[in-house]
Amino acid sequence: MALRCFMRNLSILPKRMLRPNNVNCRIFSTTSPLTNKKQIEVTFLKADGERLKVKANVGDTLLDVVVNNNVDLEGFGACEGTLTCSTCHLIFTQKDYDQLPDKPTDEELDMLDLAYELSDTSRLGCQIILSESMEGLEVKVPASIHDVRAE
């Protein structure tokens, strides 16, 4: 739009009037301003031993981290965070699990009951919101997933 406005002014105004303060159009952007979100490092430990380290924005969920960083976890987050599957099942160390700010809801626990390799420190990645205190977080990704919606 700004370019079109500028070109129109070029064609109708005499050259001497084409100074920036005489242009008749406003230039604006429709994109969101870039935010300088704090980032932390998160490591996903796959069942085959591969370690995937990524940068993650504070305030994102672990599901967002996988999607935004194109982390190669097949089938992860199939329901896109609607809490209707257990494909974003992750296993935390006891220390990290104990430090999570929120305890799992009944809905999350119901979905976790259907997950493979369930442990006492299992959570769904779509329910874990990252904070600065989670810098260096390492989570284990189970070897297989179970999408309860496919039943």
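Predicted model: local features only at pLDDT ≥ 70, side-chain atom pairs only at ≥ 80, totals over all residues.
1. Leaving out residues up to four places away in sequence, F92 touches L62, Y97, L100, T121, R123, I128, L137 and V139. F92 is also listed among the residues with the most contacts inside the largest nonpolar core.

2. That core has 29 residues. Besides F92, the residues with the most contacts inside it are V42, F44, L62, L73, L90 and L130. At least two core residues come from each of β1 (39–45), β2 (51–57), α2 (62–68), α4 (106–112) and β5 (137–140). The largest share, four residues, is supplied by α2.

3. On the overall layout, the chain has four helices and five strands. Read from the N terminus, the order of elements is α-β-β-α-β-α-α-β-β. Of the contacts with a separation of 6 or more, 61% join residues 24 or more positions apart.

4. Of the 151 residues in the chain, 36% are buried. The chain exposes about 9,900 Å², and carbon and sulfur atoms supply 50% of that area.

5. β1 and β2 run antiparallel and are joined by seven bridges. Two of the pairings can be named: E41 has K55 as its bridge partner in β2, and Q39 has N57. Five residues lie between the two strands of this hairpin, where G49 takes a positive phi near 95°.

6. Which residues of β2 point to the buried face, and which to the other? L52, V54 and A56 point to one face and are buried.

7. L130 deserves a separate look. It lies in the loop between β4 and β5. Is L130 buried or exposed? L130 has a relative accessible area of 2%, under the 20% limit, and is therefore buried. Apart from neighbours within four places in sequence, L130 is in contact with I40, V42, A56, N57, V58, G59, D60, L62, V65 and L137. For one of these, D60, the C-alpha atom is 5.7 Å from that of L130, although the two residues are 70 residues apart along the chain.

8. S122 is a polar counterpart to check. It lies in strand β4 (residues 122–124). S122 is buried because its relative accessible area is 3%, under the 20% limit. What does the side chain of S122 make a polar contact with? The partner is the side chain of H89, at 2.7 Å. A polar atom of the S122 side chain also lies 2.8 Å from the backbone nitrogen of S119.

9. Setting aside neighbours within four places in sequence, S122 is in contact with H89, L90, I91, Y97, L112 and E117.

Conventions
Residues numbered from 1 in each chain as written. Heavy atoms only, no water. Core = buried A, V, L, I, M, F, W, Y, C linked by side-chain atoms within 4.5 Å. Buried < 20%, exposed > 50% of the residue type's maximum accessible area, 1.4 Å probe, protein only. Contact = heavy atoms within 4.5 Å. Areas by Shrake-Rupley, 256 points an atom, 1.4 Å probe, with all protein chains shown as cover. Pairing = 2+ DSSP bridges. Polar contact = N/O pair within 3.5 Å; in protein donor to acceptor, adjacent residues only side chain to side chain.
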